[in-house]
Amino acid sequence: MFDGVVRLQWKSFLLRPEPPTAPRSLEEFKRYTESWKRPAAEEPRAGFRIWEGDESPPSYSVPPHVVAKAAEAHGSEAFEAVHRALLEAYFQENRNITDAEVLEDLWTREGLDAGAFPALDDQGLHQRVYADHLEAMENGASGAPAVRLDGFFGVLMGAQPTEVYARWMHRVIEREITAP
């Protein structure tokens, strides 16, 4: 619908920017994932699955963002593949995407060289992740997903039906076309 008009650019936003001092219990996390039912009902292709099993939940946001930033250095196709794999692993497969073994498995599963897997404490990657996070906060983001369109003040927060995003983009595009 917006091919050639809208360019999607993923940025890091950290819901949990620091490792927790007291991690939430598995049962608390399972209850939290019940909130995924609403976006799952609105977009069945998204493939949300309430957390099942005994694998511990992710502890904080930085490790998967570091891996995504490292994949970006291998090109947009590598980034898209790793980004999709991270989302599927978390929301559909209920895998702990802060675990280094899980992250390395996703990396190699998407065809990236195991020797190029990033050090999760790589300061350069951390700086890039935190720079994105700070930019998002400066632009009004306070949660995820958050969508910002250039040329439009504000951020659309939370999982929204596709029609909401489309309506918002149409308004921005119309404003761009009719602007003096």
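Buried residues are those under 20% relative accessible area, exposed ones over 50% and partly exposed ones in between (1.4 Å probe, protein chains only). The model is predicted, and local features need pLDDT of at least 70, side-chain atom pairs pLDDT 80 or more, while totals for chains, interfaces and linings use all residues. Residues are numbered from 1 along each chain as its sequence is written, and side-chain values use heavy atoms, without hydrogens and water.

**View A. Buried face of helix α5 (residues 100-109).** V102, L103, L106 and W107 are buried in this helix. Seen down the axis of α5, these residues fall within an arc of 140 degrees and so line one face; the arc is taken from the directions from the helix axis to the C-beta atoms. Their cover includes α3 (62-72) and α4 (76-91). Helices are DSSP runs (H or I, at least four residues), numbered from the N terminus.

**View B. Aromatic pair F29 and Y90.** Rings of Phe, Tyr and Trp (its six-membered ring) pair if their centres lie within 6.5 Å; planes under 30 degrees apart are stacked, over 60 edge-to-face and the rest tilted. With centres 6.4 Å apart and planes at 50 degrees, the rings of F29 and Y90 are therefore tilted. F29 belongs to helix α1 and Y90 to helix α4, 61 residues apart. Both residues are buried.

**View C. Aromatic pair F48 and F91.** This pair is edge-to-face, at 4.9 Å centre to centre and 75 degrees between the planes. F48 counts as partly exposed because its relative accessibility is 26%.

Technical notes: Helices (H or I, at least four residues) and strands (E, at least two) are DSSP runs, numbered from the N terminus. Contact means heavy atoms within 4.5 Å.
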